[in-house]
Amino acid sequence: MRVADRLVLVTGASSGIGRALAVRLAADGARLVVTGRDPDRVQEVAARTGGKAVVADLAAGVEPLLDALPGRPALVVHNAGVGAAGPLEDLAPARVDELIDLNLRAPIQLTRALLPGLRAERGHLVFVASIAALGVAGEAVYSATKAGLRGFADAVRIEVPEVGVTTVLPGAVDTPYFGRRGQEYDRRFPRPIPAERVAEDIVRGIRRDAVEVVTPKWLTLGAKVHGAAPTLFARASRRFG
Ligand SMILES: NC(=O)c1ccc[n+]([C@@H]2O[C@H](COP(=O)([O-])OP(=O)(O)OC[C@H]3O[C@@H](n4cnc5c(N)ncnc54)[C@H](OP(=O)(O)O)[C@@H]3O)[C@@H](O)[C@H]2O)c1
C-alpha cells in the first residue's frame with residue numbers, strides 16, 4: 001500500500017524503532033497518530049512528523065487510544081513493547097502480566113476494534129514482534145508474547161484477505177529497549193543495527209505486502225532452522241545464545 005495522505009497509527013512512537021518509523025512514514029506523506037507514555041517525547045515526535053500525539057498506557061487498556069483517534073487508520077503499526085531479561089522464576093508476577101498486556105493483549109484488542117476500518121480502507125497491519133519469537137533463554141515471557149503476536153498475525157492474514165499483514169522479526173536494535181528491560185546488550189556479535197534501518201525495512205515490507213520481515217536479513221537462517229529442525233535449533237541456541 002501507499003501511505004501518502006492516509007491515516008497511520010504507530011504505537012510506541014516516542015522512542016527507538018517506532019520513532020524512526022514515524023519519521024520515515026511522515027516523509028512519505030502519511031498523516032500520523034503517534035503514541036507512547038512519555039508526554040514530552042510523544043509531543044516531540046508529533047511536532048516533528050506533523051502528527052497527532054496520544055499519550056496512553058496501552059498495558060492498562062486500549063480504549064483511551066481508540067477514543068482519541070481522529071478517523072479510521074489505513075495502516076496500524078503495533079510496535080509498543082517491553083522486554084524482561086533473567087531467569088523465569090525470578091520474574092515478578094506483575095511483570096509477567098505487564099509484558100502480556102502490552103506486547104500481546106493490546107495489539108490483539110486494537111486490531112479487533114480497528115478491523116472494520118482497515119477492511120474498508122483495504123489497509124495494512126504491521127506487528128513488530130522479535131526474533132525472540134523463536135525462543136530465547138532468559139527471555140521466556142518476552143519470547144512467548146512475540147511468538148503469540150506472530151501467530152495472531154498469521155491467523156489474521158488468512159482470515160482477512162482484504163488487509164495486508166506484515167510481521168517484523170528484528171534482531172538486536174540500537175534503542176533504549178535493553179536498558180529498559182533491565183539488562184544492557186553485552187554481546188560482541190551481532191552488533192545492534194540502527195532503528196532507521198529497521199524502519200526502512202518495514203516500509204519496504206509494507207510496499208511489497210511482505211508476510212515477514214526479518215532484519216538483519218541473515219537471521220532468516222535462524223527462522224529456517226527453527227522451522228525445519230527444532231531440536232537442532234534448541235541445541236545451537238543453548239550453546240551459542
Ligand atoms: N531493540 C531491540 O533490540 C528489539 C529487537 C526486537 C524487537 N524489538 C521490539 O521493537 C519494539 C520497539 O522497541 P524499541 O527497541 O524501539 O524500544 P524502545 O526504544 O524502548 O521503545 C518502546 C516504545 O514502547 C512504548 N511503550 C512502552 N511501554 C508502554 C506502555 N505501557 N504503553 C504504551 N507504550 C509503551 C514506549 O513509550 P514510552 O517510552 O513513552 O513509555 C516506546 O515508545 C518493541 O515491541 C520491541 O519488543 C526490539
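1. Helices in this note are DSSP runs of H or I with at least four residues, and they are numbered from the N terminus. The model is a predicted one, in which local features need pLDDT of at least 70 and side-chain atom pairs count only at pLDDT 80 or more, while totals for chains, interfaces and linings use all residues. Residues are numbered from 1 along each chain as its sequence is written, and side-chain values use heavy atoms, with hydrogens and water left out.

2. Around the ligand there are 33 residues, the closest being Ser14, Ser15, Asn79, Tyr142 and Thr175, where a residue counts if one of its heavy atoms lies within 4 Å. Helix H1 (16-27), helix H5 (140-159) and helix H6 (177-181) each supply at least two residues of this shell, and the largest share, three residues, comes from H6.

3. Oxygen atoms of the ligand lie 2.7 Å from a side-chain N or O atom of Ser14, 3.1 Å from one of Arg41 and 2.8 Å from one of Lys146. The ligand on its own has 900 Å² of accessible area (Shrake-Rupley method, 1.4 Å probe), of which the protein covers 98%.

4. Helix H7 (residues 195-208) has 14 residues that should span 20 Å at 1.5 Å a residue, and this agrees with its end C-alpha atoms, which are 20 Å apart; the expected span is 1.5 Å times one less than the number of residues. After H7 comes Asp209, with a positive phi near 55°.

Terms used. A polar contact is a pair of N or O atoms within 3.5 Å; within protein, one must be able to donate a hydrogen and the other to accept it, and residues adjacent in sequence count only if both atoms are side-chain atoms.
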